[in-house]
Amino acid sequence: MKPLRLPQLRLLLLAPWLLVGSIEAMSSPAAAAAQYQGRRSFPSNPTHPDGKIQEPLAAQQQRDLLASALQQHQPLNAINVGAAELNILPGVHMRVSKNTLQSGRGTWVEVSWDGLKDPKYDDWIALYVPAHADLTSIAPAKFQYAFSSRTHIPHGSGMLRFKVISYRQDMVFALVRGGLAAPSIGAITPVIHIANPNEPLQVHLALTNEVSEMLVQWVTLNSSNPVVRWGEKPDHLKHTASARTFTYA
């Protein structure tokens with residue numbers, strides 16, 4: 001980007017740093033399954049020959065299955081996209097708390113669902129971008145296991161929160177069954193729209209070799225005629241400077 005020459009002035013940057021992530025932070029399947037087991041009664045199982053009480057077999061099997069995903073360096077790599085299919089389930093409904101993202105710097109979105117019969121520990125909720133793509137042919141941007149919501153297993157309903165940034169394209173959430181090995185998309189939320197796909201993000205400041213200069217860098221969708229406005233007060237940015245653009249893939 002073109003350095004800005006600032007005559008004894010401080011550049012005021014109002015845009016915060018952008019926090020990004022490929023997968024939503026979540027508790028481990030083992031911890032979540034154990035925590036859930038403490039809140040709900042399961043049918044009893046035969047005791048171990050040494051007299052110790054075994055945990056419910058279904059919970060143990062599901063916990064082991066989900067824990068295997070976390071052995072991947074990148075949990076998204078465990079998703080078998082090639083086996084994905086679309087199988088919309090009647091009676092299952094999904095909702096989102098926001099239909100439009102006004103800011104791309106990070107917004108919490110609540111995703112809820114209900115009406116799911118026979119809920120399982122390997123059900124998961126995923127964010128897909130772009131919204132109108134063939135969801136069976138792309139990997140999600142992030143996901144969480146549905147059992148992280150304590151009502152999922154007993155009632156087939158729940159709510160999870162996701163930190164969503166601007167991918168500069170519309171997006172949707174989906175409820176996926178079949179675990180990571182055989183994903184089956186059973187329900188999809190309404191589309192979440194991006195209010196400003198061209199919003200400048202990932203703004204950085206840096207010094208140059210000139211004491212009167214400051215380098216400003218950012219990322220945007222449309223690079224035509226970029227301009228930086230600056231001044232001594234946030235509400236009085238009377239100076240402007242044109243910038244150079246670089247395109248990378």
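**Charged pairs and a nonpolar patch**

Modeller: Let's begin with Glu199, which is buried, with a relative accessibility of 9% (buried is under 20% relative accessible area, exposed over 50%, partly exposed in between, with a 1.4 Å probe and protein chains only). This is a predicted model, where local features need pLDDT of at least 70 and side-chain atom pairs count only at pLDDT 80 or more, while totals for chains, interfaces and linings use all residues. Residues are numbered from 1 along each chain as its sequence is written, and side-chain values use heavy atoms, leaving out hydrogens and water.

Colleague: Which side chain meets Glu199 in a salt bridge?

Modeller: Side chains of opposite charge can pair when their charged atoms come close. The rule here asks for a side-chain nitrogen of Lys or Arg within 4 Å of a carboxyl oxygen of Asp or Glu. Glu199 pairs with Arg105, at 3.6 Å from N to O. Both lie in loops, so their contact ties together parts that are 94 residues apart in sequence. Arg105 is partly exposed, at 29%.

Colleague: How many salt bridges does the rule count?

Modeller: Four. Among them, Arg95 pairs with Asp114, with the closest N and O atoms 2.7 Å apart. Another joins Asp118 and Lys120 at 3.2 Å, N to O.

Colleague: And which residues make the nonpolar surface patch?

Modeller: Leu86, Ile88 and Ile188 make it, with an area of about 270 Å². Ile188 is partly exposed, at 34% relative accessible area.

Key
Patches are made of residues with over 30% relative accessible area and no salt bridge: like charges are joined within 9 Å, nonpolar side chains (Val, Leu, Ile, Met, Phe, Trp, Tyr) within 5 Å. Accessible areas come from the Shrake-Rupley method with a 1.4 Å probe; for residues, only the protein chains shown count as cover. Helices (H or I, at least four residues) and strands (E, at least two) are DSSP runs, numbered from the N terminus.
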